[in-house]
Amino acid sequence: MNRINQKLQENKKLLSIYFTAGYPSLNDTVSIIQNLEASGVDMIEIGLPFSDPLADGPTIQASSTQALKNGMTTEILFNQLSDIRKSVSIPLIIMGYFNPVLQYGVEAFCKKCEEIGIDGLIIPDLPVDVYHEKYQGIFEKHGLINVFLITPQTSIERINFIDSVSKGFIYMVSSASVTGSQSGFGDDQKHYFKRIFDMGLKNPQIVGFGINNSTTFNQATEFSKGAIIGSAFIKFLNDNPVDNIQQFVKSIR
Amino acid sequence: MNYNVNEKGYYGEFGGAFIPEMLYPNVEELRQKYLKVMAEPDFKKEFDQLLKDYVGRPSPLYFAKRLSEKYNTKIYLKREDLNHTGAHKINNTIGQILMAKRLGKTRIIAETGAGQHGVATATVCALMGLECIVYMGEIDIARQAPNVARMKMLGATVMPAKSGSRTLKDATNEAIRDWINNPVDTHYIIGSAIGPHPYPDMVTRFQSVISEEIKWQLKEQEGRENPDYVVACIGGGSNAAGTYYHFLHEENVNIIAVEAAGLGVDTGESAATSVLGKEGIIHGCKTLLMQTNDGQITEPYSISAGLDYPGVGPMHAHLCKTGRAEFMAMTDDEAMKAGLELCKLEGIIPAIESSHALAIFEQKKFNPDDVVVVSLSGRGDKDLQNYIDYFKL
Ligand SMILES: Cc1ncc(COP(=O)(O)O)c(C=O)c1O
C-alpha cells in the first residue's frame with residue numbers, strides 16, 4: 001500500500017510540511033526532511049522550484065527564486081533524494097509546476113519518483129481533466145498518487161469528479177488565494193470546511209494555505225484529516241537553522 | 001488543416017488551459033459564455049459602434065508608394081497606429097471590457113510590458129467607469145514612464161511587479177495571482193493572444209476586425225480580397241492573429257510572422273521564440289517558449305518592450321510547426337533602421353514593434369506585382385526616447 005494511504009488510516013490529525021528544495025542552501029534538502037520526520041511531522045511536500053510559480057505568494061516565490069539561484073535543478077533534486085528511503089519512512093510528495101515535469105518527460109519523471117520512493121505528486125497547473133485523459137495511467141503505473149486542489153469556488157459537480165479521480169487525499173485550499181496570504185480563519189472558512197466534510201467524499205481532505213500556528217492548525221483540522229504548512233515554515237527557515245526545526249513543529253502541535 | 005482553435009481549446013497540439021484549480025471557475029465561466037456573448041446582437045452592435053466612433057475604425061489600408069518603389073513591390077500598410085491610444089491593443093480591450101460587463105464583473109486587472117496594453121485597458125475602464133489595476137514589471141515602470149503617467153491620468157492603479165525578473169512575464173504572473181485572490185468580482189483582460197483557452201481565441205476574434213477590413217479595403221483598391229502576403233510582428237501574437245485571421249485558410253495568401261532577434265538569434269540576447277523556444281507551458285497554455293533544459297522560463301531580450309515575451313500564442317506555435325507561416329527574426333538594428341526609413345519615405349513614425357515587420361524588405365525579395373500587407377501595429381510616440389537614444393537625435 002502507498003505510504004500516503006497508510007498514513008491516512010492513522011487515527012490522528014496529520015501535519016504536513018512544505019519546503020522548497022534548494023532553500024535556504026542547495027544541499028539542505030535531506031537534512032530538512034530528516035529533521036521534519038524526527039520532529040514528528042506526518043508527511044512532507046518537497047517543492048521543486050519553478051521560475052514562475054503562479055499559485056504562490058511572495059514567501060514561496062522568493063524561496064523558489066533563491067533555490068534556483070543556488071543552482072537547484074530537477075536532476076540535482078533527484079540525486080539528493082536517491083538514498084532518502086534509507087533514513088526516512090514518512091510519505092514524501094513532490095510539489096512542482098508542470099513545465100519542469102514536461103521537460104524531464106512525464107514518464108521519466110514518474111519512473112524516477114518510483115525508484116526514489118516518492119509517494120505522490122502535487123502539480124497545481126496540471127488540471128484534473130488533462131490528468132485524467134492523458135497522464136493518470138502513467139502516474140498509477142509508477143505507484144504515484146496525484147493530489148488535486150479544491151477551493152471555496154469549486155462546484156459540487158467538480159468536487160465529485162476530483163474525488164472520483166483522486167486515490168489519496170484532496171488538498172482543500174482554505175480560501176481563494178495564493179499561498180501565504182492570510183491570517184486566521186473566519187466563519188466563511190469554517191462553513192466551507194464543514195460543507196466539504198458533510199459531502200462525505202471517499203478521499204479525506206487536508207487543508208492548505210494560510211495555516212501558520214497551532215490555532216489555525218486546530219481550526220483547519222476540526223473538519224478535516226490534516227493540514228499543510230508552507231509559507232510559515234519557509235519564514236521560519238529564513239531566520240533559524242535547520243537544526244531548530246523541531247522548535248517550529250512543536251509550536252504547531 | 002484547421003488553423004483555428006478546436007472545441008477542446010487547442011490549435012493542433014498547442015493551447016489548452018493549464019491553470020491552477022483556483023482559476024478554474026473564472027476561466028470556465030468565460031469558456032462557456034464567450035462565444036454566446038460575442039454572438040449577441042446587442043454585443044456586436046455596441047462593439048462595432050465603439051470601434052467606429054471611439055477607436056476611429058476602420059483604420060486605413062494605405063498604399064505606401066515610396067516604400068513600394070524602393071523595394072519594387074506593392075506594399076500596403078494596415079494603419080493600426082491611427083487607432084485611439086496608438087495601437088491595435090484597443091480592439092481587444094474594447095471587446096473584453098464589454099465581455100466583463102456582461103459577466104457582471106466590476107474590477108479589471110491587466111498586465112503590461114511597454115504600457116500600450118495597460119493604457120488601452122485603463123482607457124476602456126475609464127470609458128465604462130470600472131476600477132482598473134495594471135501590473136507592470138518594476139523595470140518596465142522605470143523605462144516606460146510616459147505610459148505609466150497616462151495610465152495614472154486615466155484613473156488606473158499601476159502595481160509594480162517585483163518578483164522574478166520584474167518585466168512582462170512577471171507582471172503577467174502577478175495579474176494571475178491577483179485573479180486567484182479575487183475570484184468573484186474581477187475580470188482579467190489579457191493583452192495578447194496568449195494565456196489559457198479561451199483567451200487566445202477570444203483575443204484573436206476581437207483583433208480579427210483587422211483582416212476583415214483588409215479584405216474589403218483591398219477589394220476596393222486592388223480589385224481582389226486576398227493579398228499575396230500578410231506580415232505582422234509577434235510578441236504574444238495579437239496583432240498578427242488579427243491580421244492573419246481571415247486569411248488562415250486562404251491557401252494562396254502567404255503568412256509571414258516576424259519575431260524580435262534582439263542582438264541576434266545566437267547571442268543569448270534575443271526574443272526569437274520560434275527558433276530558441278521549445279514546447280512547454282507558460283501562463284496557462286502549451287506553446288513554444290524560451291526555457292532552460294530544466295523547464296525554467298528564461299528572460300528574452302529585445303529593444304522593443306512589446307516583443308519582449310518568452311513565448312508566442314498557441315495559434316502561432318501551430319502556424320510555425322505546420323509550416324503555414326514563415327517565421328523571420330529581425331535584430332534591433334534592422335528594426336530601428338526600417339523604422340527610420342518609414343519616417344523618411346512615408347512620413348510615418350512607427351512603433352519599434354511594427355518596425356520589425358517592416359525590416360523584412362531588406363531580406364526578402366518580392367515580385368513587382370505581389371501585394372504585401374504589413375500590419376503597422378502601433379505608432380512610435382511611446383518609443384521616442386528609444387529612437388533618440390539609438391540614433392543620437
Ligand atoms: C505597437 C505594438 N505592436 C505589437 C505589440 C506586440 O504584441 P502582439 O504580438 O500581441 O501584437 C505590442 C505590444 O505591446 C505593441 O505595443
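The model is predicted, and local features need pLDDT of at least 70, side-chain atom pairs count only at pLDDT 80 or more, and totals for chains, interfaces and linings use all residues. Residues are numbered from 1 along each chain as its sequence is written, chains are lettered from A and ligands numbered from 1 in the order of writing, and side-chain values use heavy atoms, with hydrogens and water left out.

The ligand is surrounded by 17 residues, a residue being counted if one of its heavy atoms lies within 4 Å of the molecule. Ser192(B), Gly235(B), Gly237(B), Ser238(B) and Ser377(B) are the closest. By class, this shell holds four nonpolar, eleven polar and two charged residues (Ala, Val, Leu, Ile, Met, Phe, Trp, Tyr, Cys and Pro count as nonpolar, Asp, Glu, Lys and Arg as charged, and the others, Gly among them, as polar). Polar contacts are pairs of N or O atoms within 3.5 Å; within protein, one atom must be able to donate a hydrogen and the other to accept it, and residues adjacent in sequence count only if both atoms are side-chain atoms. An oxygen atom of the ligand lies 2.5 Å from a polar side-chain atom of Ser192(B), and a polar backbone atom of Gly235(B) is 2.7 Å from a ligand oxygen atom. A side-chain N or O atom of Ser377(B) lies 2.6 Å from a nitrogen atom of the ligand. The protein buries 96% of the 390 Å² that the ligand exposes when taken alone (Shrake-Rupley method, 1.4 Å probe; for residues, only the protein chains shown count as cover).

Cavities and pockets were located on a 1 Å grid over the protein atoms alone: a cavity is a set of points where a 1.4 Å probe fits but cannot get out, a pocket is an open set with protein on both sides within 12 Å along at least five of seven lines, and lining residues have an atom within 4 Å of a point. Grid points are joined across faces, edges and corners, and a volume is the space filled by probe spheres set on the points. The structure holds nine cavities of 30 Å³ or more. The largest cavity has a volume of about 350 Å³. Its lining comprises 31 residues, with His88(B), Lys89(B), Gly191(B), Gly306(B) and Leu307(B) closest to the centre. This lining divides into ten nonpolar, 17 polar and four charged residues. The largest cavity is the space taken by the ligand (more than half of its atoms lie within 2 Å of the grid points).

Cis peptide bonds join Tyr23(A) to Pro24(A), with omega about -5°, and His197(B) to Pro198(B), with omega about 15°.
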